[in-house]
Amino acid sequence: MKRGRPATKGIDDAIVIALRRGCVMRVTYSSQSVCDFFIRMVTWVIFVRVIRFEKITAPVHEIEHECRGILAELRLFPPSHQIQLELWIYSRHGTYRFFRLTEAGLKE
C-alpha cells in the first residue's frame, strides 16, 4: 500500500455518512496518522480509516491482504469493548464498502 496525499474527497464524503452514526471528530492528517476520523457515540468510539481502492468488488480476503499495513496500524489501538476499528474503502465513482476489524479479520 502506498502512502500518498490524503484521500480528501473520499474522507469528506465519508464524514457525511459517519455523521448519521454520531459525533464525528476529524484527525489532523500527518504521515503518522492511524485513522482519518473517529465517531463518538454513547456506548463506544469507532476509529475509521478511509482509503480509495481500485478493485471495490474484490473479495474480503483480497482487501485484507492489500490493506494489511493499514490494518496493522489500526490494531495499535488497545483492545476494548468500547473501541471499534473500521476500514472504509471507496472507488473513484463514489461507491463505499465498510468493514469492521475483528480479532478474526475483516467483517463486512
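Mentor: The second largest pocket is lined by 13 residues, and those nearest its centre are Pro79, Ile83, Leu85, Leu101 and Glu103. A pocket here is an open set of points on a 1 Å grid over the protein atoms alone, where a 1.4 Å probe fits, with protein on both sides within 12 Å along at least five of seven lines; a lining residue has an atom within 4 Å of a point. The model is a predicted one, in which local features need pLDDT of at least 70 and side-chain atom pairs count only at pLDDT 80 or more, while totals for chains, interfaces and linings use all residues. Residues are numbered from 1 along each chain as its sequence is written, and side-chain values use heavy atoms, with hydrogens and water left out.

The space in this second largest pocket comes to about 320 Å³, a volume being the space filled by probe spheres set on the points. Its lining divides into six nonpolar, four polar and three charged residues. Both β4 and β5 supply at least two residues of that lining; strands are DSSP runs of E of at least two residues, and helices are runs of H or I of at least four, numbered from the N terminus.

A nonpolar core is a set of buried Ala, Val, Leu, Ile, Met, Phe, Trp, Tyr and Cys residues joined through side-chain atoms within 4.5 Å, and buried means under 20% relative accessible area with a 1.4 Å probe, protein chains only. Beyond its neighbours within four places in sequence, leucine 87 has contacts (heavy atoms within 4.5 Å) that include Ile63, Ile70, Phe98 and Leu106.

Aspartate 36 is buried, at 10% relative accessibility. A polar atom of its side chain lies 2.7 Å from the backbone nitrogen of valine 50. Not counting residues up to four places away in sequence, aspartate 36 also touches Ile11, Arg26 and Val48, among others.

Methods:
Ala, Val, Leu, Ile, Met, Phe, Trp, Tyr, Cys and Pro count as nonpolar, Asp, Glu, Lys and Arg as charged, and the others, Gly among them, as polar. Buried means under 20% relative accessible area, exposed over 50%, partly exposed in between (1.4 Å probe, protein chains only). A polar contact is a pair of N or O atoms within 3.5 Å; within protein, one must be able to donate a hydrogen and the other to accept it, and residues adjacent in sequence count only if both atoms are side-chain atoms.
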